[in-house]
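Please look at the sequence and the structure shown here before reading on. The report that follows takes up a few residues, one after another.

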Amino acid sequence: MALAIKTVPSPVTLFSVVLHREVTLCIYWPDTAAVLPEDLLLFNDGQDLAKMNFAAILRELSGAKAIRPLLVVAIHAGTDRKGEYGVAGIPDYMGRGGKAAPYTEFILAELLPFIRSQTGITAFRQQAFAGFSLGGLSAMDIVWSNPAIFTRAGVFSGSFWWRTRALDEGYVEATDRIMHHRIRESALRPGLQFFFQTGALDETMDRNQNGIIDAIDDTLGVIDELVAKGYDPVTDIHYLEMQEGRHDVETWAKAMPEFLRWGWGSAASALP
């Protein structure tokens, strides 16, 4: 039976054969969903949406018709978050991210069909994936690797420092950052769009001593790779740098309305 339309998240548990565990989800419906939502947005680290009162953010924007009706599914992280999140097929120098490929399979083969069966929505106009920190890296990789399924990625304080070698073991910035390398070695994925948020107070580390903290430097590096690949820095990429932004839920909550308006606001409605 399809879930009733609600203005608050509905907790759902899905057992994943691929991950060998139960996955907790929260499904957010907009207030204005007299017409079923046309677009789907998935969130890694979905437990953080409840902490920021995402329901109120969505309710305010959708109630004011500032965004199109949108179905949001928050995927709670499992106990092995650092194993399941990352870049599929390329663990980091400590072996983290080794389950990123099965996690991607869970999203594609189990979660998306489950959402369709539970909501009664058989097809979405667009599907997007977003996440926070390491969950943002995971979302970026899944979108990048599946351009026929997803059209947008949203990355809040993304862990783009994820690397194949430790800093004291011959690390080379030009080649060892995993997501940067994946983009550089891939073909262009026409039609994808990207939202990146960073905070000037995300961290203090500056490994190359260029005066820019790594969280910002690594994100700008990803943007550079995308632009070099052929994406338009104005129409395809949106970058939000928050001077008082920290690596926390409070900051991401403040950035959330801009993300939602970017992807699903009136200006975005004309996008293909």
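In this predicted model, K65 sits in the loop that runs between α2 (54–63) and β4 (70–75). Although K65 is not a glycine, its phi is positive, at about 60°. K65 counts as exposed, because its relative accessibility is 71% and the cut-off for exposed is over 50%.

D45 is likewise found in a loop, here the one between β3 (39–43) and α1 (47–51), and this residue, which is not a glycine, has a positive phi of about 50°. D45 is buried, because its relative accessible area is 2%, where buried means under 20%.

Strand β3 also brings in D39, which lies within that strand. At 1% relative accessibility, D39 counts as buried. What does the side chain of D39 reach at 3.3 Å? That side chain reaches the backbone nitrogen of Q126, and a further polar contact, of 3.2 Å, joins the side chain of D39 to the side chain of W264. When the neighbours within four places in sequence are left aside, the residues in contact with D39 include R68, P69, L70 and L71, as well as F124, R125, Q126 and W264.

| Residue | Relative accessibility | Class |
|---|---|---|
| D39 | 1% | buried |
| D45 | 2% | buried |
| K65 | 71% | exposed |

Terms used
Residues numbered from 1 in each chain as written. Predicted model: local features only at pLDDT ≥ 70, side-chain atom pairs only at ≥ 80, totals over all residues. Heavy atoms only, no water. Helix = DSSP H or I, 4+ residues; strand = E, 2+ residues; numbered from the N terminus. Buried < 20%, exposed > 50% of the residue type's maximum accessible area, 1.4 Å probe, protein only. Polar contact = N/O pair within 3.5 Å; in protein donor to acceptor, adjacent residues only side chain to side chain. Contact = heavy atoms within 4.5 Å.
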